Structures are given as structure tokens and as C-alpha cells.
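Me: Got a model open here and want a quick walk through it. Can you take my questions as they come?

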Amino acid sequence: MDFTPITTQQPLPIGQKDGHVQPTELLRRGPVSVRNATESEEDREFIGKLVIEAFERKVVHATSRASLPAMNTIYSNHMRGRPPLFYERHFIAEYNGERAGTCVLHYHGDAELFPYRSEDIPPLSCCDMCGLWVSKLGIPSDYPAGKCYLDPICVDEKFRGKGIGKVLLDMAEIDAKKRGCKVIYLLVATTNRAQHLYERQGYHVIEKHSLCCCGYWCMTGEREFARMDKVLD
């Protein structure tokens, strides 16, 4: 099986489905292809469901298990009605044509371009709403110029072990270089085994954060995070 990366100056159209033009293929390695997300209900629901499932423990810690459907709705709503550049930040990996993973990139100025909107949030209890906003304190929102922040990156459980995470990381680097970034970085809990994947991909731990007392634990349910950087050639 050939896993040689294929990139193009002019992305190749995937084709049409149900009369709608499909998003273009940006990268392919064997059965794994990557494209930008769209505003379609299917893409929004896939990304929302996958991200909430991947970070379920963190979400439940911040809010409650009963709020999981609402958190999925928030993520899906957050992706609706955005400018085209927003969807260029979101990537979907497919395995033999089936959605299998996703990652999102953030660049300098994105917080102002794509702000959180209160109308995206469905009714929540006071406790869940407070937990939601406290959890956001642990998420960077000021992205330095010349650097790309990667968050989240996740793969559907049934497709793990097929190299999809690596292909998404490669896609992230391609996009960051295209936009003139010299460094790509991410935050990962020091208990997360994905740290080994990032190390194999060339990321290095720059620093570790734990805040004082139970700072990160209160916000995320994790006690320590590592910042991992990769210098782009």
C-alpha cells in the first residue's frame, strides 16, 4: 500500500453529491484523505460529536454528564454561519471516504475574527454555565504572530491505529507553512499518551504548566499540561 503524501497546488475536486459541489481534497496518503470542513449539518455534527466524545472527561468535569448533548450542540452551532476562512481552519480526515478524524488550527487574530457567540449556547443550568466559562480559562485565545496553535486534534475510536492522527498533523504543518508560520504548537495533558505521537512527529516539550494549588484541575480536570512546539522548516 502506497502511503506517499500527495499535495497539489490546485486541490483536486472530490466531485458532486446530491447536486452539491463537494470540498476539495488537500492531502492523501493511501486510504486517508484530508479536506476542509464545510458548514453542512453532517460536518458540523461529526466534528461536534467527535470533539465532545474525545474530551468527554474534561467536559463532564466542567459541567455535567447530563449536559453532553448540549455541549455537542454548542460546538455544532459555533461552526454555523461563519466566513469561508473559518472553515479553512477546520480539517476533516476521511478513511476510504468515511469521516474519521478532525483537527482545528488557530492563527494570530482569529479570536477577533471568529468570536464566541452567546446565541450558540442552548439553555444550561447555572452550574453548567459557570463550569463552561471556567473551563474556557484554560484554553489559549491569544495566538502569537508567526505561530500556529493546534487544538483540538482527535480521531474516531474505530479508526484509531490507522495513521490518521499523523496525516492530520502533516496537514496542520502544511497549512501553517503556507500561512508563513515558523512554529506550530499545542497543549497536551502530561497523562495523555498522544504526547508520544507528537514526539515522533518532531514536537518537543518546551514547558509544563500546572498553575498554583489546583488551578488547572479546577478548569479542566487535569493537573498538568505540557506545551509542545515544532519548528517548521
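This is a predicted model: local features need pLDDT of at least 70, side-chain atom pairs count only at pLDDT 80 or more; totals for chains, interfaces and linings use all residues.

Me: How much of the chain is buried?
Reply: Of its 233 residues, 45% count as buried.

Me: And the contacts, how many join residues at least 24 apart?
Reply: 69%, taken among contacts between residues at least 6 apart in sequence.

Me: OK, strands. Which way do β4 and β5 pair?
Reply: Antiparallel, over four bridges. β4 covers residues 24-29 and β5 covers residues 32-36. Glu 25 has Arg 35 in β5 as its bridge partner. Arg 29 stands opposite Val 32 in β5.

Me: What happens between the strands of that hairpin?
Reply: Two residues sit between them, and Gly 30 takes a positive phi near 55°.

Me: Is β5 covered or open?
Reply: Mostly covered, with five of its five residues buried.

Me: Which residues go on which side?
Reply: Val 32, Val 34 and Asn 36 are on one side. Ser 33 and Arg 35 are on the other. Both faces are covered. In a regular strand, side chains alternate between the two faces of the sheet.

Me: Switching to Leu 168. Where is it?
Reply: Leu 168 is in helix α7, which runs over residues 164-178.

Me: Buried or exposed, and why?
Reply: Leu 168 counts as buried because its relative accessibility is 0%, and the cut-off for buried is under 20%.

Me: What does Leu 168 touch?
Reply: Leaving aside neighbours within four places in sequence, its contacts are Val 34, Ala 93, Gly 101, Thr 102, Cys 103, Ile 153, Cys 154 and Val 155. Val 34 and Ala 93 in that list are the bridge partners from β5 and β6.

Me: How far is Leu 168 from Ala 93?
Reply: Their C-alpha atoms are separated by 6.9 Å. Along the chain, the two are 75 residues apart.

Me: What about Asp 170, where is that one?
Reply: Asp 170 is found in helix α7 as well.

Me: Is Asp 170 buried or exposed?
Reply: Buried, with a relative accessible area of 9%.

Me: Which residues does Asp 170 contact?
Reply: Leu 27, Arg 29 and Gln 201, leaving aside neighbours within four places in sequence. Asp 170 and Leu 27 are 8.9 Å apart, C-alpha to C-alpha. In sequence they are 143 residues apart.

Me: Last topic, helix packing. How do α1 and α3 pack?
Reply: At an angle of about 135°, with axes 8 Å apart. α1 is residues 41-54 and α3 is residues 68-78. That makes α1 oblique to α3.

Me: What hand is the crossing?
Reply: The crossing of α1 and α3 is right-handed.

Me: Which residues meet there?
Reply: From α1, Arg 44, Glu 45, Ile 47, Gly 48, Lys 49, Val 51 and Ile 52. From α3, Leu 68, Met 71, Asn 72, Tyr 75, Ser 76 and Asn 77.

Me: How do they divide by type?
Reply: The residues of the α1 contact with α3 divide into six nonpolar, four polar and three charged.

Conventions:
Residues are numbered from 1 along each chain as its sequence is written. Side-chain values use heavy atoms; hydrogens and water are left out. Axes are lines fitted to C-alpha atoms, for helices over the stretch in contact, and angles run from 0 to 180 degrees between N-to-C directions. Angles under 35 degrees count as roughly parallel, over 145 as roughly antiparallel, 65 to 115 as roughly perpendicular and the rest as oblique. A crossing is left-handed if the near helix is turned anticlockwise from the far one by less than a right angle, and right-handed if clockwise. Contact means heavy atoms within 4.5 Å. Ala, Val, Leu, Ile, Met, Phe, Trp, Tyr, Cys and Pro count as nonpolar, Asp, Glu, Lys and Arg as charged, and the others, Gly among them, as polar. Two strands pair if DSSP finds at least two bridges between them. Buried means under 20% relative accessible area, exposed over 50%, partly exposed in between (1.4 Å probe, protein chains only).
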